[in-house]
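Subject: Structure handover

Hello,

Here is the structure I said I would pass on. My notes on what was found follow below it.

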Amino acid sequence: MSIRLKLLTILPKLMQIGMMKLNDLFKEFPEARTRSAVLKLYDSQGGQIAFWLGFEGDKPVAKEVDPKNPPYATTEITMHIDVFIKVIKGKLDFRAAYLYDLIDIKSNDGLPSSYHFLLWSAFFDKAIEILK
Amino acid sequence: MIPILVTSGKGGTGKTTVSVNLAANLALRGIKVSLLDADLLAPNVHLFLDVNKEKLREAGRMLMPLKIGEHLEYMGLGAFIPRGVGVALNYEKTTDFITTLLKFVKWSGDYLIIDAPPAAIDVNVKLFKELRGRARAVIVGEPHRFAIEDNLRIMDLLKFYDIEIRALVLNKYNLYKEEHARAVEEKYNEEAEKYGFKIVKIPWDPRLQVQPVPELFDQLVEVVVG
């Protein structure tokens, strides 16, 4: 199955976050307003997809971007689509996935990658809580 | 802030127990103390502090340590990762964590107690490099003759990185046969003279399994802080 088709299975839930709950998420994590992330997902056939998550002015934004040439973000989070689906469905803890070396986090703002990991862990917790 | 590295050449010698009790003893004296759990393989400090899964906060590109009472603060992976998950971090990620915990936490204590991972391996070397020339060390070992060799290696590395060894803790001293423990102590006496540290004996006490017993660590505090 292609990466985009796999994504379709969770797209409604992602939209639910994006359209209805994203503001609540950022209310809980105000510091996240100064951060942005490129979330890169890949499949075993070499397919890739990427989203940019962050703020444009006061507006929270989640949009698809070119995975090979994404816009700047303070963090890049990369994982296999199967890992992402498990995480977002609450079947695999985001922290555990990172500790198992299933998620790669790259820092673009001079802070250590593990710093971003700790912050985004809390963000994913909240996102999954909302999805439930 | 003066970093105090609690380290050893072997695992399971009681570094975490010593770290927590050292911190608790200092805090009871009204001294502001920070406690960093740098043992990424077995981050257990939070268990002694009764810290459950906590929400991480940051302020101005720094992570905020958790307040444990008036004079004690803590930061470590243990409070933020799921229980029972194995850690399979590569060297790059491991040393990156050490950097975060050392440099990107808003520590405010007069002393920073660091519970180090065991043995003279890469993660320790990262720690030693970061603390070069400005830290004090406490080596923790049981009075076992095999432990001497491993601790000699740690002593050599600490000297190499210009970290002052203040104390060698002979932990659970009373559990060993007296003549064996004494023979080990005599061997350490030679090293104590060479490196200029004191030997501090801490007895096994069943209370230490479940909670800090700071009063057992008065002598150690005097040696490390004095």
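Helices and strands here are DSSP runs, a helix having at least four residues and a strand at least two, and both are numbered from the N terminus. Please keep in mind that this is a predicted model.

Chain A

By that count, chain A holds five helices and five strands. Along its sequence they follow the pattern α-α-β-β-β-β-α-α-β-α. Of the 132 residues in chain A, 32% are buried. Among contacts in this chain with a separation of 6 or more, 57% are between residues 24 or more positions apart.

The five strands of chain A make an open sheet with mixed pairing, in the order S3-S2-S1-S4-S5. Strand S3 (59–65) and strand S5 (103–107) of chain A are at the edges; each has a single partner strand, so one side of each has no neighbour in the sheet. On average, and with direction ignored, neighbouring strands in the sheet are turned by 15 degrees against each other. Strand S1 (residues 37–42) and strand S2 (residues 48–56) of chain A run antiparallel and are joined by six bridges. In this pair, Val38(A) is opposite Trp52(A) of S2(A).

Two helices pack on the sheet. Helix H3 (residues 81–88) of chain A touches S1, strand S4 (75–80) and S5 of chain A, and its direction makes about 100 degrees with that of S4(A). Helix H5 (residues 113–131) of chain A also touches S1, S4 and S5 of chain A, with its direction at about 115 degrees to that of S5(A).

One residue to look at is Asp101(A), in the loop between helix H4 (94–99) and S5 of chain A. Its phi is positive, near 70 degrees, and it is not a glycine. Asp101(A) counts as exposed because it has 12 C-beta neighbours inside 10 Å.

Chain B

In chain B, the axes of helix H3 (residues 91–103) and helix H4 (residues 122–131) come within 10 Å and cross at roughly 35 degrees. The crossing of H3(B) and H4(B) is right-handed. On the H3(B) side the contact is made by Tyr91(B), Thr94(B), Thr95(B), Ile98(B) and Leu102(B), and on the H4(B) side by Asp122(B), Val123(B), Lys126(B), Leu127(B) and Glu130(B). Five of these residues are nonpolar, two polar and three charged.

Helix H5 (residues 145–160) of chain B has 16 residues and spans 24 Å from its first C-alpha to its last, close to the expected 22 Å. Its buried residues are Ala147(B), Asp150(B), Asn151(B), Ile154(B), Met155(B) and Leu158(B). Covering them are, among others, strand S1 (2–7), H4, strand S6 (136–141), strand S7 (164–171) and helix H6 (178–195) of chain B. Just after H5(B) comes Asp162(B), with a positive phi of about 60 degrees.

Lys172(B), in the loop between S7 and H6 of chain B, also has a positive phi, of about 55 degrees, without being a glycine. Is Lys172(B) buried or exposed? With 21 other C-beta atoms within 10 Å, Lys172(B) is buried.

Between the chains

The contact involves 19 residues of chain B and 16 residues of chain A. The side of chain B that touches chain A is made up of 11 nonpolar, three polar and five charged residues.

Regards

Conventions:
Residues numbered from 1 in each chain as written. Chains lettered and ligands numbered in written order. Predicted model: local features only at pLDDT ≥ 70, side-chain atom pairs only at ≥ 80, totals over all residues. Axes fitted to C-alpha atoms, helices over the stretch in contact; angles between N-to-C directions. Left-handed = near helix turned anticlockwise from the far one by under 90°. Contact = placed C-beta atoms within 7 Å. Nonpolar A, V, L, I, M, F, W, Y, C, P; charged D, E, K, R; others polar. Expected span 1.5 Å × (residues − 1). Buried ≥ 20, exposed ≤ 12 C-beta atoms within 10 Å, placed from the backbone. Pairing = 2+ DSSP bridges.
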